[in-house]
Amino acid sequence: MAEIQALLIGIVVFCYWTAMADAEYAIYKDPEKPVSHRIKDLLNRMTLEEKIGQMVQIDESRASAEVMKKNYIGSILSGPGHAAEKTSPEMWVDMVNDFQKGSLSSRLGIPLIYGIDAVHGHNNVYKATLFPHNIGLGATRDPELVKKIGAATALEVRATGIPYAFAPCIAVCRDPRWGRCYESYSEDPNVVQAMTEIISGLQGDLPANYEKGIPYVAGKQKVAACAKHFVGDGGTTKGIDENNTVISRHDLLSIHMPAYYTSIIKGVSTIMVSFSSWNSIKMHANRDLVTGFLKDTMHFRGFVISDWQGIDKITSPPHEDYPHSVQAGVNAGIDMIMVPFAFKEFIDDLTSLVKNNSVPMSRIDDAVERILRVKFTMGLFENPLADYSMSKYLGCQEHRELAREAVRKSLVLLKNGESTEKPLLPLPKKASKILVAGTHADNIGYQCGGWTMGWQGKSGNITQGTTILEAIRNTVDPKTIVTSRKNPDAEYLKSNDFSYAIVVVGEPPYAECLGDNLNLTLPDPGPTIITNVCASVKCVVVLITGRPVVIQPFVDQIDALVAAWLPGTEGQGVADVLFGDYGFSGKLPHTWFKTVDQLPMNVGDKHYDPLYPFGYGLATETTKADQ
């Protein structure tokens, strides 16, 4: 009898543990199962509340472990206002992991995806390597270099525990008056297409025979990328940010769309919608292009994300009729909505819209399926938490050398002496005394431009790097006296016998709409510095700008002229080329106009009369062995 009783107890215990095992096992948690099966299994388990939560991306300032768990939030971003000087990568990892633990403790344990703007390196993090902005990379015409930059950026972003970068911007800037023109590789869609190779650097190379349109992230040393801003953001009237792109469908598809096609082929994980409109239809509400073309025609299978409060701006003024905006944006095909602050209002409104059938459940399921596909594909379910093992990559020497190479290759030589027989560059390292003048010669913040330790960027030595002045001092012969004055007057110039002068001037940092500029004149005191110095001394003018600017009135006074764009932290690359350790090789990615009255003017236009044409750039030979 006792044996039978023991057997029965054994059977009961066995059945209990079998049931428990069955209860604990879920297909979506099994990495051996196909992603499609895992998505289906998880989607079937989710409530409407959990699904809508996945569609929400909130700002870190509104996030906590409890908020993530309670609201099933799918994503967090660090907006550009959260740049923190002198914070360690370990502090970033701890913050991201704390939020992640909140998500993992929710009913289904769906991990969050944390995103950040890393548009020229990990630009919101102190000590990160900051590469030239995209306009400079476009001047290199070197897709393999850009791929390496993508890989380096991925490592530095992962060093802080973040797996998702809002990059690359694949806008085709057709008017330099636009405040985001420096985020564009070129006015030429072919150059922009070629530079989408950065996606392979950020995410990894696709495996052989990988299905087109499926997002791909190669592992824990790579990040999900985001091609932006879909579509036509670089074609607005007069370059006004977030404005209206008036263009035929044929021209939209032939100028602004090709880089998206290439990005999808490369497995880009996400695509961000543009604030702008196409022929007066807001892109955030354009179902024809977001769903009809991007998803259905181009077979994009990752998720579509809004821009910062992007659906609010569907109405004018913004947020005037928020339920309408939510309905229009979600029904247009936006899957994840960047609602940094008012996320509870969004959740309530979308829930009501689904319940009254204004937004179909099939649209919600499509959005969540896409978000889960990215999360499964990049391994977030298996590796949701970061550790400190990658902190060594942040600002590492190898990455700084790569950035220095990018600076060298991005420089465009526009003028070099009176003639090819009498070039001024490369400069001799041995000279009795040289002058380095200008507002931008000793300023890391100015070198880096916008999107650096904050949204708009800022003046000063705001992060680690090498200024152009420091680079010049590092490069010249030890016996050469280097004198620095921001704005030397005529008396000072006459009383010193300078062998030559290097004048470094340009634009202050700016980003987005605050950089829109209808006159594009060189800000004061730049013109005065050029005029004074170049009237007295043989001069090289180095322009630190995010776009072509009005320079024609000064060209005759200038002996040599260099477009250095926004080179980033590694100013040594500028000196490398000025002094001939390497030759100039960059080519203009944008047409350099004579006057703003000519704008917009792009290569191939009928009345094309530039100061320097698209693709222009003088070359010099290296003189390393001669010095």
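E401 and R404 form a salt bridge, with their closest N and O atoms 3.9 Å apart. A salt bridge here is a side-chain nitrogen of Lys or Arg within 4 Å of a carboxyl oxygen of Asp or Glu. The two residues sit 3 residues apart in helix α16 (residues 397–410), so about one helical turn separates them. Helices (H or I, at least four residues) and strands (E, at least two) are DSSP runs, numbered from the N terminus.

E401 is partly exposed at 36% relative accessibility. R404 is partly exposed too, at 23%. The classes are buried (under 20% relative accessible area), exposed (over 50%) and partly exposed in between, with a 1.4 Å probe and protein chains only.

## Basis of the model

This is a predicted model: local features need pLDDT of at least 70, side-chain atom pairs count only at pLDDT 80 or more, and totals for chains, interfaces and linings use all residues. Residues are numbered from 1 along each chain as its sequence is written, and side-chain values use heavy atoms, with hydrogens and water left out.

## The network around K295

The count of salt bridges comes to 30. Side chains of opposite charge can pair when their charged atoms come close. One network of salt bridges links K295, D335, R363, D366 and R370.

K295 pairs with D335, the closest N and O atoms being 2.8 Å apart. D335 lies in the loop between α13 (322–332) and β11 (337–338), and K295 lies in helix α12 (residues 287–297), so this pair ties together parts 40 residues apart in sequence. Both D335 and K295 are buried. K295 also meets D366 in a salt bridge (3.2 Å, N to O). D366 belongs to helix α15 (residues 361–377) and K295 to helix α12, so the pair ties together parts that are 71 residues apart in sequence. D366 is partly exposed, at 23% relative accessibility. K295 has 6% and counts as buried.

## The annotated C-terminal domain

The unreviewed UniProt entry places "domain: Glycoside hydrolase family 3 C-terminal" at residues 411–618. UniProt positions follow the numbering used here, feature names are shortened, and annotations may be inferred rather than shown by experiment. The end C-alpha atoms of residues 411–618 lie 10 Å apart. The span is 18% helix and 15% strand.

K429 lies in the loop between β12 (412–416) and β13 (433–437). At 17% relative accessibility, K429 is buried. Its side chain joins that of D581 in a polar contact of 2.8 Å. A polar contact is a pair of N or O atoms within 3.5 Å; within protein, one must be able to donate a hydrogen and the other to accept it, and residues adjacent in sequence count only if both atoms are side-chain atoms.

T528 is in helix α20 (residues 526–536). T528 is partly exposed, with 37% relative accessible area. The C-alpha atoms of T528 and L402 are 35 Å apart, and the two residues are 126 residues apart along the chain.

The structure holds 6 cavities of 30 Å³ or more. A cavity is a set of points, on a 1 Å grid over the protein atoms alone, where a 1.4 Å probe fits but cannot get out; lining residues have an atom within 4 Å of a point.

The largest cavity has about 70 Å³ of space. A volume is the space filled by probe spheres set on the points. E50, Q54, M68, Y72, I73, S103, S106, L108 and I110 line the largest cavity. This lining divides into 5 nonpolar, 3 polar and 1 charged. Ala, Val, Leu, Ile, Met, Phe, Trp, Tyr, Cys and Pro count as nonpolar, Asp, Glu, Lys and Arg as charged, and the others, Gly among them, as polar.

How values were computed: 1 Å grid on protein atoms, 1.4 Å probe; cavity = no way out; pocket = protein on both sides within 12 Å on 5 of 7 lines; lining within 4 Å.
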